[in-house]
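Here is a short note to read alongside the structure. The points are numbered so that each can be checked in turn.

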Amino acid sequence: MRRLQPEDLLLVLGARPRAEVGAWLRDGLRDAVAAGRLEAGATLPSSRSAAAGLGVARGTVAAAVDELVGEGVLESRPRSGVVVADLDRRPRGTAPGPARPGAAAERPASVGAPDPALFPRAAWARAVRDAMRELPDAELGYPDPQGLLGLREALAAHLRTARAAPVEAEDVVVVSGVAQGLALLGEVLAGGLGGRRVVVEDPASPGVVGQLRGAGLEVVPVPVDGRGLRTDALPDAAAAVVTPAHQFPLGVVLAPDRRRELVAWARDGGRLLLEDDYDAELRYDRQPVGALRGLDPDHVALLGSVSKLLSPALRLGWVVAPAGVREALVDTKRRADLGCSVPEQAAFARLIADGAYARHLRRARLEYRRRRGVLLDAIARAAPHLPVEGVAAGLHLVVRLPDGDGEARAVSALRAAGIPAEPLSSTSAHPATWGVVVGAARVQGAPVPRVVEILRSAAEGAAGRV
Ligand SMILES: Cc1ncc(COP(=O)(O)O)c(C=O)c1O
């Protein structure tokens, strides 16, 4: 197979910028491989000659190559060096032909799911291999229902920086996603630690509401406006489930005075706040607002998972639990399923510890920010009056529509075009909440104008009939 020269790389990378040389090299190589401008199987020049030819430090080349090997874009082969991977051999899309019943392609993708093509397969595979090599035999019995200590330590360190919250390994309970965390905490509350009434935001994720009802709780919707949950409308209840960093689905951030009021409501009444931090690490215009838990660790349980950041297929999440509910939560987890898969937990701990998780998050953030920007630019050009809601964050966006007809048409046309979509009305207890929640993370390239056209015609068609 062909051995590439530094000049071949220069040809696909274009001129070297003055700053951010590492990103230029890494992103340029990734794009060139994805677009087929560097042929699969071709061998890269050595890092020494690439560095000399491109005029960059050797460490910069090594770091970019390392990252791309981790992503599966390049492959490191023992005797041949680093070669361009054959991305077509990666099972990334839908197999041709009719889907088998029950196959993933038959189930509609969630509006809040990340793009599976960005999953760092090679880095994950390496983390699993390394974790299994290091895992002592003693860890291959029934797990600690609170979670593998190594993962709890790695998560605590990550969350302290990423979410500006006080977190120690002993506070963390590993669960199989935010959904399970809510269900278990719901059981704890219903079992006597508080009571059965729980506030939810209106609108909210129907899945979340279902988890709470399933745990035997009575759900009390409280409206959300442009500054987040209406804290002036909080009723008496044992707890509240909130999405303060990025409200689901409306995408607003809870205003600072309301954050304080909410925490005071919890503290004064001995209540529990369940902070659903589902996508807080995906903020594109600034650092995410710190977790509510930072204001009062005794009254806030912080729930997160890898579902938006890596993949919901892993079913791996965490509850950073206040001391008052931790023991009951771990007991409930033990009764539910005896604990989460140890190899999976060990692999995730490895991914965090070796920096691959942070690299993936950086890359995912950049990519989703770019896609969101392209979609919003296209909307601004073709449909400038379309009411798109929410801050620059997350994997979905919401467009308000004036009536239920437009909502139904937009949802079915988007789904027919392969774009995840949900009616906004399905997220609200209020009868006239019309709109569409769009899985924006999946919208890129050719479908962009189609999505804009569907949204524009739903908004205008509906307006025309009013
Ligand atoms: C707002 C919100 N919270 C929680 C969840 C559940 O997440 P997990 O996959 O971690 O159970 C979802 C899933 O889509 C969600 O949208």
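1. A polar contact here is a pair of N or O atoms within 3.5 Å. The model is predicted, and the distances below are computed from it. A polar side-chain atom of Arg-315 lies 2.9 Å from an oxygen atom of the ligand. The protein covers 86% of the 390 Å² of accessible area that the ligand has on its own.

2. Which other residues place an N or O atom 2.8 Å from a ligand oxygen? Ala-179 does this with a backbone N or O atom, and Lys-308 with an N or O atom of its side chain. The residues around the ligand also include Val-208, Phe-248, Asp-276 and Tyr-278. By class, the shell consists of 5 nonpolar, 3 polar and 3 charged residues.

3. The structure holds 28 salt bridges. One of them pairs Arg-2 with Glu-39, with 3.1 Å between the closest N and O atoms. Arg-2 sits in the segment before α1, while Glu-39 is in the loop between α2 and α3, so to speak two distant parts of the chain, 37 residues apart. Arg-2 is partly exposed at 42% relative accessible area, and Glu-39 is partly exposed at 38%.

4. A salt bridge also joins the side chains of Arg-133 and Asp-130, at 3.4 Å from N to O. Because these two residues are 3 apart in helix α5, about one helical turn separates them.

5. Asp-257 and Arg-227 form a salt bridge with an N to O distance of 2.6 Å. Asp-257 belongs to helix α9 and Arg-227 to the loop between β5 and β6, so the pair ties together parts that are 30 residues apart in sequence. Asp-257 is partly exposed at 26% relative accessibility, and Arg-227 is partly exposed at 37%.

6. Val-128, Met-132 and Leu-140 make up a nonpolar patch on the surface, and together they have about 230 Å² of accessible area. Met-132 is found in helix α5 and is partly exposed, with a relative accessible area of 37%.

7. Gly-22 lies in helix α2 and is partly exposed at 28% relative accessible area. Between Gly-22 and Val-263 there are 42 Å in space, C-alpha to C-alpha, and the two are 241 residues apart in sequence.

Technical notes: Residues are numbered from 1 along each chain as its sequence is written. This is a predicted model: local features need pLDDT of at least 70, side-chain atom pairs count only at pLDDT 80 or more; totals for chains, interfaces and linings use all residues. Side-chain values use heavy atoms; hydrogens and water are left out. Patches are made of residues with over 30% relative accessible area and no salt bridge: like charges are joined within 9 Å, nonpolar side chains (Val, Leu, Ile, Met, Phe, Trp, Tyr) within 5 Å. Accessible areas come from the Shrake-Rupley method with a 1.4 Å probe; for residues, only the protein chains shown count as cover. A salt bridge is a side-chain nitrogen of Lys or Arg within 4 Å of a carboxyl oxygen of Asp or Glu. Helices (H or I, at least four residues) and strands (E, at least two) are DSSP runs, numbered from the N terminus. Buried means under 20% relative accessible area, exposed over 50%, partly exposed in between (1.4 Å probe, protein chains only). A residue is near a molecule or strand if one of its heavy atoms lies within 4 Å of it. A polar contact is a pair of N or O atoms within 3.5 Å; within protein, one must be able to donate a hydrogen and the other to accept it, and residues adjacent in sequence count only if both atoms are side-chain atoms. Ala, Val, Leu, Ile, Met, Phe, Trp, Tyr, Cys and Pro count as nonpolar, Asp, Glu, Lys and Arg as charged, and the others, Gly among them, as polar.
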